[in-house]
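Please study the sequence and the model before reading each solution.

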Amino acid sequence: MAKVYINPLPVRIWHWTNALGFVLMVLTGLQMRYIGLVDVVSFRTAVVMHNYVGFVLIANFFLWLGFYLTSDKIKVYLPELNVRKHFAATFQQMYFYGYGIFRGEPSPFHVTAYSKFNPLQSMFYQVMMMFIVPVQFYTGLLLWDVARFSGQVNFLGGVRVIDTVHVLIFAFFMFFIPFHVYLATCGHTPTAHFKAMIFGYEDVEEHEAEAAKAAIATATAKDVRQT
């Protein structure tokens, strides 16, 4: 086995801050939504914690965005422009997750420094990070101070509409978090992806490491030609 460095330190800090924050947001959100059924902390404590953690996550999001926009790692989020190739690879990955993995078949996707998401993940994370997460932050900000943002709240249909959108996305994250943890166990060992997000390095086969080095060299060469 060889190692490929795919998760720089800023990405790892963002990821674990985000993971802890989203778990706290889900728990405090449940406490606020189901008063009397969930009583881990007081309602007031849950509200205060929900608000403070929300602002931490918003700041964390902009740190993540700033890092990717100012570094060559943005390439991991760039879409495959060949639509036919992208969807063919996506269906291959869906087959692997739904059937091949249970038969011990190898994954059709091989990670590199500039391609750490398989086609299915790439499409999903682009939608989530560029649309779903910002909408959740925005609706949460409006609900945080309805009086201050009354103009925007009324323009968007009122508190009930804003709250409904916020709760629906909240429900999405309740299902996403355990699903995300499950997929994280689908590396060549159950802990491989977790170790990569802690230490930065992903274990790959020797020939995959050579392919990763070639990808880095190609990307660097392209950058030189563009400048």
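**Exercise 1.** In which helix does H15 lie? Determine also whether H15 is buried or exposed.

*Solution.* H15 lies in helix α1, which covers residues 9–33. Helices (H or I, at least four residues) and strands (E, at least two) are DSSP runs, numbered from the N terminus. This is a predicted model, in which local features need pLDDT of at least 70, side-chain atom pairs count only at pLDDT 80 or more, and totals for chains, interfaces and linings use all residues. Residues are numbered from 1 along each chain as its sequence is written, and side-chain values use heavy atoms, with hydrogens and water left out. Next, the burial classes are needed: buried means under 20% relative accessible area, exposed over 50%, and partly exposed in between (1.4 Å probe, protein chains only). H15 counts as buried because its relative accessibility is 17%. Finally, leaving aside neighbours within four places in sequence, H15 is in contact (heavy atoms within 4.5 Å) with H180 and M197.

**Exercise 2.** Describe the order of the elements and the pairing of the strands.

*Solution.* The protein contains 8 helices and 2 strands. From the N terminus on, these run β-α-α-α-α-α-α-α-β-α. Strand β1 (residues 2–5) pairs with β2 in the antiparallel sense over 4 bridges; pairing requires that DSSP finds at least two bridges between two strands. Within this pair, Y5 stands opposite Y201 in β2.

**Exercise 3.** Which residues form a nonpolar patch on the surface?

*Solution.* The patch consists of V83, F87, F91, M94 and M123, with about 480 Å² of accessible area together. Patch residues have over 30% relative accessible area and no salt bridge; like charges are joined within 9 Å, and nonpolar side chains (Val, Leu, Ile, Met, Phe, Trp, Tyr) within 5 Å. A salt bridge is a side-chain nitrogen of Lys or Arg within 4 Å of a carboxyl oxygen of Asp or Glu. Accessible areas come from the Shrake-Rupley method with a 1.4 Å probe; for residues, only the protein chains shown count as cover. Helix α3 (residues 83–98) supplies the largest share of the patch, 4 residues. F87 is placed in helix α3, and F87 counts as partly exposed because its relative accessibility is 39%.

**Exercise 4.** Where is confidence lowest in the protein, and where is it highest?

*Solution.* pLDDT is the predictor's confidence in each residue, from 0 to 100. The protein averages 85, and 89% of the residues score at least 70. Confidence is lowest in helix α8 (residues 206–226), at a mean of 47, and highest in helix α5 (residues 150–155), at 95. Over residues 215–227 pLDDT stays under 50, and the model has 6 contacts beyond four places in sequence for these residues.
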